[in-house]
Amino acid sequence: MEMKTVLIREYGSNDVVEVTDVLRPEPAAGEVLVKVHAAGVNPIDWKIRGGAGERMGMTLPIRLGSEVVGTIETCGAGVSQFQKGDAVFGMVPSGAFSQYAVINADHLVLKPKNLSVVEAAAIPLAGTTAWQALFDEAKLSAGQRLLITNSSGGVGSLAIQFAKARGAHVTAVASGRNEKFVRDLGADHFIDYTRQAFEEIATDMDVVLDTMGGEVYHRALRTLKKGGKMITVVAFPQDEAERYGVSAKRSFTVPNALSLREIARLVEAGKVTPYVDAVLPFADVRDALAISEAGRTRGKIVLTVPE
């Protein structure tokens, strides 16, 4: 049986992205076949398309997409936690932009009942990234002061809510047009980086969550108090942090049902709500990648997948 998927056969611009027919995969032991209803779009998707796939050890052709929501179609041997028809969400190494995806059953959890399919697609990768950075790496706790760069993006907008649920004080950095958005998410303090040098205003931070890298990463180190922690999901720290008397670490997102289950509990308790900026049909994947690459997305972009 065939299905439609999004793949690249070479690296380059969006011109190399194609929607094509391939054979539908079958789950091996410990895996499930998921009928995909929606998939989140993330910066890693266009970065892979642009050549990061080679640096990550991926082999062409590459099926794009890593954030999936759907229903269980079939279960491989040894899978007992799910059954056909269960609504689930989670992460997959590649191939989320497909009508069907084979996924390790341990990387999925049941979709929160109070979220639509589209809303749920905004969580798995972005949410797991924020969760693991804040709590597994930074050990963020109640009363600590947190600064988030690009607080209005997919990772940042969820990180605000996670941190507030934990009882932290959040300083959000974003452009002025997003002030109301991030304050409504719970941010205690807002800095418009287009009007002010955020590192001259924010001080004595216990933790910085960096989602920007580059110059922003270097400037954000200055906002930490002595002994503070910089956790970045994009930069590769060198020795610079030592000059400021702080630590810096790269957080690598790992598919983990435990993290996702904790997030789902907060969602079901009404403490976390994902924000979807744009919803596009599967066929418009090139447009979705272009919007993401432009870097002005508030929350997430989601693709809906046809029957």
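Two strands pair if DSSP finds at least two bridges between them, and that rule sits behind every sheet described here. Helices (H or I, at least four residues) and strands (E, at least two) are DSSP runs, numbered from the N terminus. By these rules, strand S9 (residues 145–148) and strand S12 (residues 205–210) run parallel and are joined by 3 bridges.

Please keep in mind that this is a predicted model, in which local features need pLDDT of at least 70 and side-chain atom pairs count only at pLDDT 80 or more, while totals for chains, interfaces and linings use all residues. Residues are numbered from 1 along each chain as its sequence is written, and side-chain values use heavy atoms, with hydrogens and water left out.

- An open sheet is formed by 6 strands in the order S11-S10-S9-S12-S13-S14, with parallel pairing.
- Its edges are strand S11 (189–192) and strand S14 (247–250); each has a single partner strand, so one side of each is left without a neighbour in the sheet.
- On average, neighbouring strands of this sheet are turned by 15° against each other, direction ignored. Axes here are lines fitted to C-alpha atoms, for helices over the stretch in contact, and angles run from 0 to 180 degrees between N-to-C directions.
- Contact means heavy atoms within 4.5 Å.

**Helix H3 and its two helix partners**

- Helix H3 (residues 124–137) packs against helix H4 (residues 154–166) at an angle of about 50°, and their axes are 8 Å apart. That makes H3 oblique to H4. Angles under 35 degrees count as roughly parallel, over 145 as roughly antiparallel, 65 to 115 as roughly perpendicular and the rest as oblique.
- The H3 and H4 crossing is right-handed; a crossing is left-handed if the near helix is turned anticlockwise from the far one by less than a right angle, and right-handed if clockwise.
- From H3, the residues that meet H4 include Trp 131, Leu 134 and Phe 135, while those of H4 include Leu 158, Phe 162 and Arg 166.
- By class, this contact of H3 with H4 has 10 nonpolar, 3 polar and 1 charged residues. Ala, Val, Leu, Ile, Met, Phe, Trp, Tyr, Cys and Pro count as nonpolar, Asp, Glu, Lys and Arg as charged, and the others, Gly among them, as polar.
- With helix H9 (residues 257–268), H3 crosses at roughly 100°, and the two axes come within 9 Å. H3 is therefore roughly perpendicular to H9.
- Among the residues making this contact are Thr 128, Trp 131 and Gln 132 of H3, and Leu 260, Ile 263 and Leu 266 of H9. The contact of H3 with H9 divides into 5 nonpolar, 4 polar and 2 charged residues.

**Two buried residues**

- Gln 132, in helix H3, counts as buried at 5% relative accessibility. Buried means under 20% relative accessible area, exposed over 50%, partly exposed in between (1.4 Å probe, protein chains only).
- Leaving aside neighbours within four places in sequence, Gln 132 has contacts that include Phe 252, Asn 256 and Ser 259.
- Met 91 lies in strand S6 (residues 87–91) and, at 8% relative accessibility, counts as buried.
- Not counting residues up to four places away in sequence, Met 91 touches Ser 66, Ile 103, His 107, Pro 124, Leu 125, Thr 128, Thr 253 and Pro 255.

**Strand S3 and its antiparallel partners**

- Strand S3 (residues 31–41) is mostly covered, with 9 of its 11 residues buried.
- S3 pairs in the antiparallel sense with strand S5 (residues 67–75) over 8 bridges, and the bridge partner of Ala 39 in S5 is Val 68.
- Strand S7 (residues 100–104) pairs with S3 in the antiparallel sense over 5 bridges, with Glu 31 opposite Asn 104.
- Strand S16 (residues 300–304) is an antiparallel partner of S3 over 4 bridges, and Val 41 stands opposite Ile 301 there.

**The S2-S1-S4 sheet**

- An open sheet of 3 strands runs in the order S2-S1-S4, with antiparallel pairing.
- Strand S2 (17–23) and strand S4 (62–63) stand at the edges, each with a single partner strand, so one side of each is left without a neighbour in the sheet.
- Strand S1 (residues 2–8) and S2 pair in the antiparallel sense over 7 bridges, and Met 3 has Val 22 as its bridge partner in S2.
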